[in-house]
Amino acid sequence: MTALALFASTFCLVFLLGVQQLNVQHGHQDAAFVTSLFIGLSQLALYKMAPDATGLEVACYLAGGPLAIICAMRAHPWLRRRMLRP
């Protein structure tokens, strides 16, 4: 269960960091503000679980990041369209 939680928290953290970078690059200040709050929550979860990670948990931690950044790059345009919808 901890391996899945580490994967999920790493995925969320890297996904949010990727979206955050795109928000900053494109000047989306409101979105960047909100994203920062979720980045902090993801970091708290990760820092609570990671110190005692086993081999499998480390592998899950490492797998979350690469998948998340690709997802963030693909999801950002869709997220922006959803947020700007009247």
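Colleague: What do the numbering and the values rest on?

Modeller: Residues are numbered from 1 along each chain as its sequence is written, and side-chain values use heavy atoms, with hydrogens and water left out. The model is predicted, so local features need pLDDT of at least 70 and side-chain atom pairs count only at pLDDT 80 or more, whereas totals for chains, interfaces and linings use all residues.

Colleague: What makes Phe 11 and Phe 15 a stacked pair?

Modeller: The structure holds two aromatic pairs. Rings of Phe, Tyr and Trp (its six-membered ring) pair if their centres lie within 6.5 Å, and planes under 30 degrees apart count as stacked, over 60 as edge-to-face and the rest as tilted. The rings of Phe 11 and Phe 15 have centres 6.1 Å apart and planes at 15 degrees, so this pair is stacked. Both residues lie in helix H1 (residues 2–25), four residues apart, about one turn of the helix, where a helix is a DSSP run of H or I with at least four residues, numbered from the N terminus. Phe 7, Phe 11 and Phe 15 form one aromatic cluster.

Colleague: Why is Phe 11 called partly exposed?

Modeller: Buried means under 20% relative accessible area and exposed over 50%, with partly exposed in between (1.4 Å probe, protein chains only); Phe 11 has 22%, and is therefore partly exposed.

Colleague: How do you know that Cys 12 is in no disulfide?

Modeller: A disulfide is a pair of cysteine sulfur atoms within 2.5 Å, and a search of the whole structure finds zero of them. For Cys 12 the nearest cysteine sulfur, that of Cys 71, is 11 Å away. Cys 12 is partly exposed at 36% relative accessible area, and Cys 71 also counts as partly exposed, at 34%.

Colleague: Why does Ser 42 count as buried?

Modeller: Its relative accessibility is 11%, so Ser 42 counts as buried. Ser 42 is found in helix H2 (residues 29–49) and, leaving aside neighbours within four places in sequence, is in contact (heavy atoms within 4.5 Å) with Ser 9, Cys 12, Leu 13 and Leu 16.

Colleague: What puts the buried residues of H2 on the same side?

Modeller: The buried residues of H2 are Ala 31, Ala 32, Thr 35, Ile 39, Ser 42 and Leu 46. They cover an arc of only 85 degrees around the axis, which puts them on the same side of H2; the arc is that of the directions from the helix axis to the C-beta atoms. The face turned away from that buried side carries exposed residues, including Asp 30, Phe 33 and Lys 48.

Note on methods
Helix = DSSP H or I, 4+ residues; strand = E, 2+ residues; numbered from the N terminus.
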